Amino acid sequence: MPITILSPSAAIPPQHAPPDDEDIPMADDDDSAFLSTAQPSSKNIVTPGETITSDPQWMRGHGTYIPPNTSTIISTVAGTLHKTNKLLSVQPLRARYQPEIGDLVIGRIVSVQTKKWSVDIAAPTLASLPLSSINLPGGILRRRTAVDELNIRTFFSEGDLLVAEVQQLHNDGNAALHTRSLKYGKLRNGVFTALAGAGGGIMSRRGGVVRSKRQTFTLQTAAGEIGVVLGVNGYIFVSKHVAPAEARDVSITRLEEGVSETLYSSQNDEVEPGLRREIARVSTLVRGLVACGAKVDEDMIVRVYEAAVEMEEEERVMGEKVFGVGEGAKGVVRSVLDRLAVG
Amino acid sequence: MAPSQHVQVNLSPAELSYLRSSLAQSPPIRLDHTKGPKDFRSMRAEYDVLPGANGSARIALDDGLEALVGVKAEVEKSQRSPRVDEQEHRLTVAAGDMDMQDADDDDTKAKGQNAWVEMSVEIPGFRDEDALPVFLASMLTESLLASGGLKDRLYINRRFHWKLYIDILLLSPALSYPLALLSMTTHLALLTSRLPALKSEKDEDPLFDDDWDASVPLYPKSKGKTKGTQAMDRPPVIVLAMAVDQNIIFDPCKEELAVADAVLAVACTDSTSSPSGAQVIAIRTIDPPSHLTPLGVPNAMNSATGGVVPASTADAITQRELLASSDVWTPPRGGMKRALVGQIVKAVVEKGGVAEEVIQALQSIDVG
């Protein structure tokens, strides 16, 4: 069945319960203070410029604004209204990723300048990666020379994908990245997926990548190990896991020498068809998870992946359909989530 | 060759090479694991969305591409000609290759003009005169007018005709090549378009039945066994197919298009007259964006990976040609093999082929 056409439906609500730390109703809630007719709850959607309340007893939080010489609180974003005691905040429906120091992000080089790269990390502005913040091949103690500046494109050129850490935030919101660790660097041997509008921060409550202890992990599959990098900015890279070079008796200052051979390679290793299939499956499942409004973290991916493989095996043996038909990734993930909820 | 969209795909050479070798596997591994080579992206469709239009449809793909089509018909005065025989002469000139011999027998045969159908395609981020919208509009118009059945049905009498305005709107940015989606949406809109029933006779000023229930569909439902020749009339549909190595992949997404060897747009309509599945109306090749992708640098030529940078450009070209490694991305060169074109066309038009499936799927929305 090559084509499936479905009738339009309303968007499905997020499937996980809201965290407990919000929406604690106050005993003396005065709902009549709100101009909107509906009960102020997490279901309440406001639009930019909409007056939320003119009662001076409320305090403004994120996503709100009080014009000078008034006490009216006005929403600045389109989103759901939240109350925490006397604090009013609006959680945007869609937001771009706001970089924070220490975030592990995946970026794509947009332009190459004289001593730095501009990197797209799904933030409102492009991040910069200075030449001085990368590991140069040939050891950590090597000095950056004029030759390196001339050869800047041999490290990263336009379109290249890299995993980096946010090192610094400038006043204007621009982020500066660094790749001065063996975990970071150029990405290859796999597929890239961008989860639109599902960056970290406040958005992570609504599905998408959540900040967690481990953003990089390996997944055991029948065909081999898969490396998954979950960028906090909603960019995800699923690739063949390449075991780090054997920890020989290298001193800490010579750590880079072992990997420098392939650190800036733009050539893929041999990836077996079976492993390619599993990589495609994982990235499809991740996209399906976001379409279902679920959050994406290591635990979730591992559980959903294992259940999906199990269900496919069942389908093959029993010869009956277990997946939602014709809805692609979303249908598969929804049936997997249903199974997990039951089991 | 048709122009590709000017929005460049910004993928790294490593990604391009990985994608291409995945798609070249047998069976191909697509980006969406749940889809086979002939599977379309799942979509949601509805029709009669615009109350003021004679027919309208909206189709949204799961990846965010969304199109809206409105069909509006207006009565227009045909250009007057003083005498009947002269008019026939003029029509022959205007209609070009049309066969005028049976004009006297059938009132509405071959009296339509191409100018009676006006199509406009609007894509966010593109100006009206940009290559992409202009090409899309001409490709869609061309296939629509090819059968001649539609424009003949726009004929009211010698003095008046319907003028059909088809407005095609892409609601989302052009994420992938939107031709197939626009064509399917137009198909659905035309299929569900209705014109008011005519009450006046012959060459009177046209007077219409104001009861919308009495209106007649623009594409009359085929009764099946009435007349073999008349039954064939449904709007055409355009199917996008791409070739990677020996594999043929239908309905490619943006990333998959970026590694295509060649892309083919096949316009077809279903034919009940012939025993085979569908009829090809037009074929166009589309310049794949893969031709403009950057070259991958092999490790042996990269100073950052321990290689030696070639001394001259000529040297670099020689080394690259000698390098028979498929792990390094090299943009595809040349066109499409004849045998591959044949395979694609066969997969589209054969009995139970892709075209038939698409037309039937769109038809079943209308029925259900």
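I started at one residue: Ile5(A) stands opposite Met43(B), which sits in strand 1 of chain B. Strands here are DSSP runs of E with at least two residues, helices are runs of H or I with at least four, and both are numbered from the N terminus.

Note on the source: this is a predicted model, where local features need pLDDT of at least 70, side-chain atom pairs count only at pLDDT 80 or more, and totals for chains, interfaces and linings use all residues. Residues are numbered from 1 along each chain as its sequence is written, chains are lettered from A, and side-chain values use heavy atoms, without hydrogens and water.

Next I looked up the strands. Strand 1 of chain A and strand 1 (residues 43-47) of chain B run parallel, joined by 2 bridges; pairing takes at least two DSSP bridges.

Then the whole interface. I found 49 residues of chain A in contact (heavy atoms within 4.5 Å) with 47 residues of chain B. About 4,000 Å² is buried between chain A and chain B, with 52% from carbon and sulfur atoms. That is accessible area (1.4 Å probe) lost on putting the two parts together, summed over both.

The rule finds 1 salt bridge across the interface of chain A and chain B: Arg108(A) to Glu15(B), 2.9 Å from N to O. The rule wants a side-chain nitrogen of Lys or Arg within 4 Å of a carboxyl oxygen of Asp or Glu.

Last, which elements of chain A touch chain B? Those giving two or more residues include strand 9 (104-112), helix 4 (273-291) and helix 6 (328-342). Helix 4 of chain A gives the most, with 9 residues.
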